[in-house]
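This report concerns aromatic ring pairs in one protein model. Please view the sequence and structure before reading on.

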Amino acid sequence: DIFPALYYNEIDREMLSKADGSSQIFPPNFRPFSRRKCKRGAPMYSVTKSFGLNGLRGFAVAVEADVSGGLPAFSIVGLPDSAVRESADRVRAAIKNLGFKFPDRRITVNLAPADVRKTGSLYDLPVFIGILAAQQYIPQPEPHQAFLGELGLDGTLRPIAGALPMALAAQKAGVTELFVPAENAAEAAVAEQLTVYPARSAADV
């Protein structure tokens, strides 16, 4: 049940429809904007669990990534600060430099809950995971997994601040596997019910 996923805009849709409104088979020389293998009807959407800091307390953040049609754009919403907004450039470079194709599509990342301020560079890794999962390059993250980490342009993971309170919040939220930069692993491991996976690159996750 595999087929080439074809993407086109509404003008293309009209051009490729018969006068009676029925669908028309794509002509052999038709070139869509993007073509890739995917399961029929599979959504280009993913949710990756992460955490944030509110003072000295951690709180859960759902990183929703949607890859859709339209002009290429990359927007991050959900009350991000400037460091979070800059994540778009770091993630784009990391995806390309690790050998993946960055989608030439419209990408929307929502950090929920949307009414709580998100700060810092720690969302780089979950945004990276979310975009690749939405394109089905990697499996969808499991609900018991969470991700924290800043990305270098080459995909290396850099340490973040506040790993311990976020690890404790993850443990309280029922997370059992936490992926963090290697330098933060010992700090996060204080949360004894978590299995902490240290990584030096996003490619190790």
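The sections below describe the aromatic pairs and their surroundings.

## Basis of the report

The model is predicted: local features need pLDDT of at least 70, side-chain atom pairs count only at pLDDT 80 or more, and totals for chains, interfaces and linings use all residues. Residues are numbered from 1 along each chain as its sequence is written, and side-chain values use heavy atoms, with hydrogens and water left out.

## Aromatic pairs

The structure holds four aromatic pairs (rings of Phe, Tyr and Trp, the last by its six-membered ring, with centres within 6.5 Å; planes under 30 degrees apart count as stacked, over 60 as edge-to-face and the rest as tilted). One of them joins F100 and Y137, a tilted pair with 5.9 Å centre to centre and 40° between the planes.

F100 is in the loop between α3 (87-97) and β6 (106-112), whereas Y137 is in the loop between α4 (124-134) and β7 (145-147). The two residues are 37 apart, and their pair links distant parts of the chain. Helices (H or I, at least four residues) and strands (E, at least two) are DSSP runs, numbered from the N terminus. F100 is partly exposed at 30% relative accessible area, and Y137 is partly exposed at 36% (buried means under 20%, exposed over 50%, partly exposed in between, with a 1.4 Å probe and protein chains only).

## The stacked pair and its cluster

F179 and Y197 form a stacked pair, 4.8 Å centre to centre with 15° between the planes. F179 belongs to strand β10 (residues 177-181) and Y197 to strand β11 (residues 195-199), so the pair ties together parts 18 residues apart in sequence.

F179 is buried, with 11% relative accessible area, while Y197 is partly exposed at 33%. Ring pairs also link F147, F179 and Y197 into a cluster.
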